[in-house]
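Student: I would like to look through a model together. Could we begin with a single residue?

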Amino acid sequence: MLTDKLYTAFMEANQLSVKMFHKYLTVEHLYYTILQDKFVKNCLILLRIDFDNFMKQYMDYLQFDIPKFHPTKERNPVATTSFSELTKKVMEYLNKNDYNQADIEDMLAMLMNDDNLHGTYLLRSEGIESFVIHNKTGNPTEEKSKIETKKDKTKIKKKKQKKKSVLKLYCDELVEKANQANNKLIGREKEIKKLQLVLNRKIKNNPILVGEPGVGKTAIVLEIAKQIANNTITNSIKKSKIYSLDTSSLIAGTKFRGEFELRFKKLLKKLLKKKNSILFIDEIHNIVGAGAVGDSSIDIANMLKPLLTNGDMRCIGATTYDEYRNIFNSDKALSRRFSKIDIDQPNDEECVAILDGIKTDYEKYHDVKFDEKSIKSIIKLSNRYLYDRHFPDVAIDVLDETATKCKLEKTTKIENTDIKQVVYNMANIPYEKTASKKQKSLINIKQNLQNEIFGQDEAIDKIAAALYVSKSGLKDANKPIASFLFTGPTGVGKTELAKQLALNLNIKFTRFDMSEYQQSHTSSSLIGSPAGYVGYEKGGLLTNAIKKNPYTVLLLDEIEKAHKDLLSLLLQVMDRAKLTDNNGEVINFENVILIMTSNIGQKEPNVMGFEKDETINENRALKEFFSAEFRNRIDDIVPFSHINKQYIGLIVDKFINNMQNNLKEKNITISITKKAKEQIIELGYNKDMGARPLQRVINKHIKELIGRKILFGDIKYGDKLKVDFVNKEFKIV
């Protein structure tokens with residue numbers, strides 16, 4: 001049961017919410033009324049708490065942090081769920097402590113156990129840990145209560161001193177920490193001068209550093225802080241303090257409308273009080289919309305604008321080109337208050353100077369040694385293979401990872417092979433540990449392909465020749481390894497040759513069936529949907545695949561079925577080894593072997609009066625279908641001929657071997673008689689259809705037969721099978 005005193009407190013809490021035009025009746029309203037109780041008030045005063053100031057802080061919280069009605073609207077606050085459940089919690093509290101009645105003191109003791117309440121926060125900030133009731137008899141008039149506090153006043157003082165200021169809670173002071181940081185900036189004198197020039201202006205003294213990720217935007221700001229700390233700056237910012245804003249911490253924990261705005265205003269007020277303070281916001285595009293609730297337009301950006309206009313406060317921002325263009329610059333009123341400073345990535349010579357300047361720290365940490373040749377090798381290989389990242393960040397990563405690798409392998413001298421291995425691993429490119437192994441794989445590639453693809457020696461010769469040129473370093477810069485157009489009838493090994501090439505080179509095989517890209521909107525999905533269409537943010541299927549696996553055999557199967565727009569896109573791939581996706585990102589195709597297949601010209605009618613010549617028909621069809629600029633960019637058009645009957649037996653053996661490999665786990669071996677092989681050839685050989693009918697015959701007459709017997713237990717683990725053709729049917733003997 002509730003005493004009359006506690007019941008009255010509930011009523012007063014409701015009246016307080018109505019009086020303050022609040023939309024909700026919360027536990028905080030009840031907490032406030034309980035603290036105003038005469039007994040509780042006297043206890044707090046006895047503990048030397050400034051009661052009036054204490055209650056003013058609580059009222060400020062209620063005033064600004066709880067949503068309100070418009071004064072002209074009808075006031076009927078709704079009780080929150082936590083408030084509605086208070087009675088239930090009180091009964092549980094009474095049962096737990098074997099009490100008969102709940103009074104003001106019981107409710108206060110229960111509320112102080114909830115760390116999420118603002119009243120509890122205020123009490124604990126004053127050193128009050130808990131409210132404990134002693135000698136409770138069930139009769140409120142006979143009860144004695146007391147508040148337990150920390151007895152040691154020195155501890156209370158320390159706790160108050162430990163309470164952080166708004167600046168320390170939501171900002172890091174960079175000048176103070178400048179000499180503790182390990183960053184070392186090499187060069188960038190031009191950019192630092194520009195930054196100081198803008199900061200020394202009277203108004204609009206707010207620079208924004210714009211550059212790609214990893215070019216050193218934040219490092220430039222840290223260098224300014226370091227120069228201020230070391231007193232090496234002679235202009236007006238020499239006594240400045242640079243505060244780096246932590247936006248996520250600023251927003252975290254704000255529950256009610258207005259709470260975030262109040263917190264940020266306090267921060268700005270503190271910054272304005274501190275003379276020569278500079279606010280640094282990394283990823284400044286995040287302030288657009290940060291803290292806005294519902295339809296409200298009040299965010300960090302709009303709260304900063306008035307202060308940035310008249311020069312009351314200086315602000316440094318940093319962001320990338322994409323975010324600056326798409327987010328920050330969309331708010332013209334905000335962007336005009338900043339002076340843009342472009343931060344380009346350093347050139348090769350500057351990168352060498354940067355790595356020379358920082359390598360000593362890494363050498364000391366990893367106990368290794370970098371020479372001048374190693375530094376240049378890092379720049380060269382990073383530039384070639386890690387093209388999607390930017391200097392100097394990518395070069396520093398390679399330097400650090402190479403040193404780590406050598407440290408783990410217990411070697412002190414950095415070799416070029418170590419750097420290559422690290423870069424290749426970072427770029428997802430297979431690495432041959434020894435030149436002899438790499439050379440051997442290339443020497444044997446022609447023979448290996450001929451062992452898998454029969455009757456197409458001319459096509460294999462052309463592919464091997466192109467690979468020899470590329471791997472020897474004679475390939476033209478900014479071009480794919482090779483680009484081929486495989487032409488010829490169906491079933492002669494065009495697609496299979498591309499697969500075997502990837503397998504022998506130990507690289508990724510990526511295939512796109514062009515029959516799926518016959519419409520203009522489907523072909524655009526390869527580089528990404530246009531802005532406003534579904535899937536825009538996901539990027540392109542082709543560009544994403546090459547970005548993930550830059551060293552790959554790319555097969556565009558049946559290219560003649562693709563939309564004409566796709567053929568136009570391929571021009572820049574074959575010419576410059578570049579393709580730009582829908583987000584403006586340039587994808588590099590320098591390590592791609594591009595293969596396109598086509599059956600075009602195979603259905604051309606015979607020239608009247610002459611024997612049909614497939615080559616003439618094929619060439620005529622290619623010229624009619626593919627434009628001159630497309631044909632001119634292909635390294636070689638590789639014609640595939642019909643499979644001669646003399647190779648059919650070898651193809652049958654290959655299919656049987658493939659089936660044998662599938663049964664390896666069951667330790668089952670398969671052999672085939674000469675008669676059975678001849679029958680398969682007779683049933684499956686078709687000059688116009690190629691090898692695929694042979695596969696269908698084997699599937700129908702042999703695979704089905706063996707599969708049925710394995711399934712029903714007629715063939716067991718370790719059995720040796722021989723397939724024969726007896727009495728006009730295939731049998732296992």
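Tutor: Let us begin with A577, which lies in the loop between α29 (564-576) and β14 (578-580). Helices (H or I, at least four residues) and strands (E, at least two) are DSSP runs, numbered from the N terminus. The model is predicted: local features need pLDDT of at least 70 and side-chain atom pairs count only at pLDDT 80 or more, while totals for chains, interfaces and linings use all residues. Residues are numbered from 1 along each chain as its sequence is written, and side-chain values use heavy atoms, with hydrogens and water left out.

Student: Is A577 buried or exposed?

Tutor: A577 is buried, because its relative accessible area is 0%. Buried means under 20% relative accessible area, exposed over 50%, and partly exposed in between (1.4 Å probe, protein chains only).

Student: What is phi of A577 near?

Tutor: Phi of A577 is near 60 degrees, a positive value in a residue other than glycine. Most residues other than glycine have a negative phi.

Student: Where does D367 lie, and what is its phi?

Tutor: D367 is in the loop between α19 (348-366) and α20. D367 is not a glycine, yet its phi is positive, at about 60 degrees. With 57% relative accessibility, D367 counts as exposed.

Student: What about the peptide bond from F391 to P392: cis or trans?

Tutor: That bond from F391 to P392 is cis, with omega near 5 degrees. Most peptide bonds are trans. P392 is in the loop between α20 (372-385) and α21 (393-408).

Student: New topic. How many aromatic pairs does the structure hold?

Tutor: There are 7 aromatic pairs. Rings of Phe, Tyr and Trp (its six-membered ring) pair if their centres lie within 6.5 Å; planes under 30 degrees apart count as stacked, over 60 as edge-to-face and the rest as tilted. One of the pairs is Y31 with Y58, edge-to-face at 6.1 Å centre to centre and 70 degrees between the planes.

Student: Which parts does that pair tie together?

Tutor: Y31 lies in helix α2 (residues 27-35) and Y58 in helix α4 (residues 51-65), so the pair ties together parts that are 27 residues apart in sequence. Both Y31 and Y58 are buried.

Student: And why is the pair of Y32 and Y58 edge-to-face?

Tutor: The ring centres of Y32 and Y58 are 5.7 Å apart and their planes are at 85 degrees, so the pair is edge-to-face. This pair links distant parts of the chain, with Y32 in helix α2 and Y58 in helix α4, 26 residues apart. Y32 counts as buried at 8% relative accessibility, and Y58 counts as buried at 0%. Y31, Y32 and Y58 form one aromatic cluster.

Student: Where does I445 lie, and is it buried or exposed?

Tutor: I445 is in helix α24 (residues 445-452). I445 is buried, with a relative accessible area of 1%. The C-alpha atoms of I445 and L505 are separated by 8.1 Å, although these residues are 60 residues apart along the chain.

Student: One more thing: where is K274 placed?

Tutor: K274 is in the loop between α15 and β8 (277-282). At 40% relative accessibility, K274 counts as partly exposed.
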